[in-house]
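I opened this entry to record what I looked up, one item at a time. The notes follow the order in which I checked things.

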Amino acid sequence: MFLEEAEGEAQRAASESVGYIAIEPTSGTTGADLFEVGRTPNSVTHNEFPVTLANVYTAPPIFVAQQQTIDGGDPCGLRFRYVDNNVRVFTDEDRNNNTET
């Protein structure tokens with residue numbers, strides 16, 4: 001495990017404590033609230049990748065996601081859009097010190 005630095009930063013961050021929660025793919029309820037836990041294949045890029053939700057929501061759900069793989073050396077963030085009861089995820093490359101974007 002490591003923490004990703006912003007691209008082009010000469011300074012290194014101070015020591016940090018890292019916590020995490022690991023949840024297997026599943027769905028269910030907590031109280032009256034529906035929830036889903038899923039994963040995508042290692043196919044998410046800067047192009048939108050559709051994630052089909054198992055439940056039908058009357059309003060956009062709270063969506064929490066985290067990128068777990070790295071392809072290449074450039075840092076990036078995970079972004080999403082909610083469209084017609086589906087989520088579309090994509091990566092957004094850090095442009096701090098990048099001549100290719």
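**Hairpin**

I looked up Gly28 and found that its bridge partner in S2 is Phe35. The model is a predicted one. I then took the two strands as a whole: S1 covers residues 26–30, S2 covers residues 33–37, and they pair in the antiparallel sense over five bridges. S1 and S2 form a hairpin with two residues between them. In that turn I noted a positive phi of about 65° for Gly31.

**Asn55**

I placed Asn55 in the loop between strand S3 (49–52) and strand S4 (76–83). Is Asn55 buried or exposed? I noted a relative accessible area of 18% for Asn55; the cut-off for buried is under 20%, so Asn55 counts as buried. Its side chain makes a polar contact with the side chain of Tyr57, at 3.3 Å. Leaving aside neighbours within four places in sequence, I listed Leu34, Phe35, Glu36 and Asn85 as contacts of Asn55.

From Val44 I followed the contacts, not counting residues up to four places away in sequence, and found Phe49, Leu78, Val89, Phe90 and Thr91.

Thr91 is in strand S5, residues 86–93. Thr91 is buried, with a relative accessible area of 17%. A polar atom of the Thr91 side chain lies 3.3 Å from the backbone nitrogen of His46. Beyond neighbours within four places in sequence, I noted contacts of Thr91 with residues including Gln67, Cys76 and Gly77.

Notes:
Residues numbered from 1 in each chain as written. Predicted model: local features only at pLDDT ≥ 70, side-chain atom pairs only at ≥ 80, totals over all residues. Heavy atoms only, no water. Pairing = 2+ DSSP bridges. Helix = DSSP H or I, 4+ residues; strand = E, 2+ residues; numbered from the N terminus. Contact = heavy atoms within 4.5 Å. Buried < 20%, exposed > 50% of the residue type's maximum accessible area, 1.4 Å probe, protein only. Polar contact = N/O pair within 3.5 Å; in protein donor to acceptor, adjacent residues only side chain to side chain.
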